[in-house]
Amino acid sequence: MIKKSTQVAMGGIASALCLLLMFLTIIPIATYTMPALAGMVLIVVVIENGYSTAWMVYAAVGFLSIFICPDKEAAMLFVGFFGFYPILKGKLEKIRRRLLEYVVKFAVFNVAMIANYMVIIYLFGIQDVLEEVGPIGKYSVFLLLALGNVVFFVYDVALSKIIMAYRYVLRKKIFKRVG
C-alpha cells in the first residue's frame with residue numbers, strides 16, 4: 001500500500017511542477033523551453049514509478065495545460081511531443097542497432113512536429129505561426145524543420161545526460177536526505 005501512495009504523491013507533485021512550468025509560458029521566450037523542461041520532469045516519474053504512472057501524469061498535465069496554459073502553442077508542444085518523448089525515450093533506446101534507434105527517434109520527432117503544427121494551424125486556427133516564418137518564403141518551413149532536427153539531437157543528448165546525472169548522483173543525494 002505504501003508503494004501506491006508514493007506513486008500517487010509523486011504523480012501529484014510531478015503534475016503540479018509540470019503545470020507550473022507550463023503556466024510560466026506567460027514569458028514570451030518560454031514557448032519552447034517550458035514544455036521541454038516540463039517533459040524532463042517526467043524522467044524522474046519514469047525512473048521512480050514506471051511507465052504507467054508517467055503516462056498518467058503526461059495525460060493529466062497535457063489535458064490541464066490546454067486549458068490553463070496562457071500560450072496554446074506551448075501547450076500543444078507539450079502534448080504533441082515534449083510530454084511523451086521523455087517517456088518514450090527509454091523504450092526507443094532498447095533498439096539494439098544505434099543507427100536504427102536514431103532513425104526511429106528522428107522519425108518520431110518529425111512526424112510529431114508536423115502533426116503538431118498542423119493541429120495548431122488548422123484545428124486551433126492559430127495562423128500567427130505561419131506569419132512568423134518570415135521573409136524566406138515557402139522554404140522557411142523546411143529550414144525551420146531542419147533546425148528543429150538539430151535542436152532535437154541536442155535535446156536528446158541532454159536528456160540522456162540528465163538521466164545519468166539523476167540516476168548516479170542526484171537520486172542518492174535526494175533519497176539519503178528523505179530516508
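Hi everyone, thanks for coming. Before we start, please keep in mind that this is a predicted model. K89, E93, R98, E101, K105 and D156 are linked in a network of salt bridges.

Let's begin with K89. Its side chain meets that of E93 in a salt bridge, with N to O at 2.4 Å. How exposed is each partner? K89 is buried, with a relative accessible area of 1%, whereas E93 is partly exposed, at 33%.

Next, have a look at helix α6, which covers residues 98–123. Here the side chains of R98 and E101 form a salt bridge, 3.7 Å from N to O. Both residues sit in this helix, three residues apart, and that is about one turn.

Which residue forms a salt bridge with K105? That would be D156, and the closest N and O atoms are 3.1 Å apart. D156 lies in helix α8, residues 140–178, and K105 lies in helix α6, so this pair ties together parts that are 51 residues apart in sequence. Here both partners, D156 and K105, are buried.

So that's the tour: six residues, K89, E93, R98, E101, K105 and D156, linked in a network of salt bridges. Happy to take questions!

How values were computed: Residues numbered from 1 in each chain as written. Predicted model: local features only at pLDDT ≥ 70, side-chain atom pairs only at ≥ 80, totals over all residues. Heavy atoms only, no water. Salt bridge = Lys/Arg side-chain N within 4 Å of Asp/Glu carboxyl O. Buried < 20%, exposed > 50% of the residue type's maximum accessible area, 1.4 Å probe, protein only. Helix = DSSP H or I, 4+ residues; strand = E, 2+ residues; numbered from the N terminus.
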